[in-house]
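Trainee: I have a structure open and would like to learn how to read its features. Could you walk me through a few places?

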Amino acid sequence: MTDLNPPPSPDEVFRYFQTLPLPQLTTRQQPPGEALVGLPVIFFTDSPTTQLFTVDIRGFTVDIAATASTYSWDTGDSAVLTTTDPGAPYPNATITHDYSSGTYTASLTTTWSATYSVDGGVQADVPGTTTTQGAPATFTVLQARTVLTNPYD
């Protein structure tokens, strides 16, 4: 480190952070395929929510630890559920949504934050976030109807 080659600034690290190949988290829902009106649809992702990267910035080794910090679930019916939780499948369903009958396409936008260190030094926060958009999930919500029958037929 010299005055001629100072370590990367936080803004410089942020510019690199925005170009990292962060994963597009998969939108999962239960039940898969078809759901019923009156029973909530469960949303979650089981994709990795932390990523480690080592980049070279002007000869300095910069370690960046990215973490999914916010999840925005576009439910496909004009509602958006924003959480800090990646959700969980049944029976631990933490993110749910009720639908009327129809076909819906839900998707997940993930906001990533990060910390970094230069040449193994002290960790600092990257000053800003970046987002990724996961592949959408399409499903149908059906209306169940009761039918009375004669048990003696």
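Trainee: Where does Thr 49 lie?

Mentor: Strands are DSSP runs of E, at least two residues long, and helices are runs of H or I, at least four, all numbered from the N terminus. Thr 49 sits in the loop between β3 (41-44) and β4 (50-57). Bear in mind that this is a predicted model, where local features need pLDDT of at least 70, side-chain atom pairs count only at pLDDT 80 or more, and totals for chains, interfaces and linings use all residues. Residues are numbered from 1 along each chain as its sequence is written, and side-chain values use heavy atoms, with hydrogens and water left out.

Trainee: Which residues does Thr 49 touch?

Mentor: A contact means heavy atoms within 4.5 Å. Leaving out residues up to four places away in sequence, Thr 49 touches Leu 25, Ala 66, Thr 67, Ala 68, Tyr 71, Pro 86 and Trp 112. Its C-alpha atom is also 8.5 Å from that of Ser 69, 20 residues apart along the chain.

Trainee: And why is Thr 111 called buried?

Mentor: Because its relative accessible area is 17%. Thr 111 belongs to strand β8 (residues 102-118). Beyond four places in sequence, its contacts include Thr 67, Ala 68 and Ser 69, along with Thr 129, Thr 130 and Thr 131.

Trainee: How does Leu 36 compare with those cut-offs?

Mentor: Leu 36, in strand β2 (residues 34-36), is partly exposed at 35%.

Technical notes
Buried < 20%, exposed > 50% of the residue type's maximum accessible area, 1.4 Å probe, protein only.
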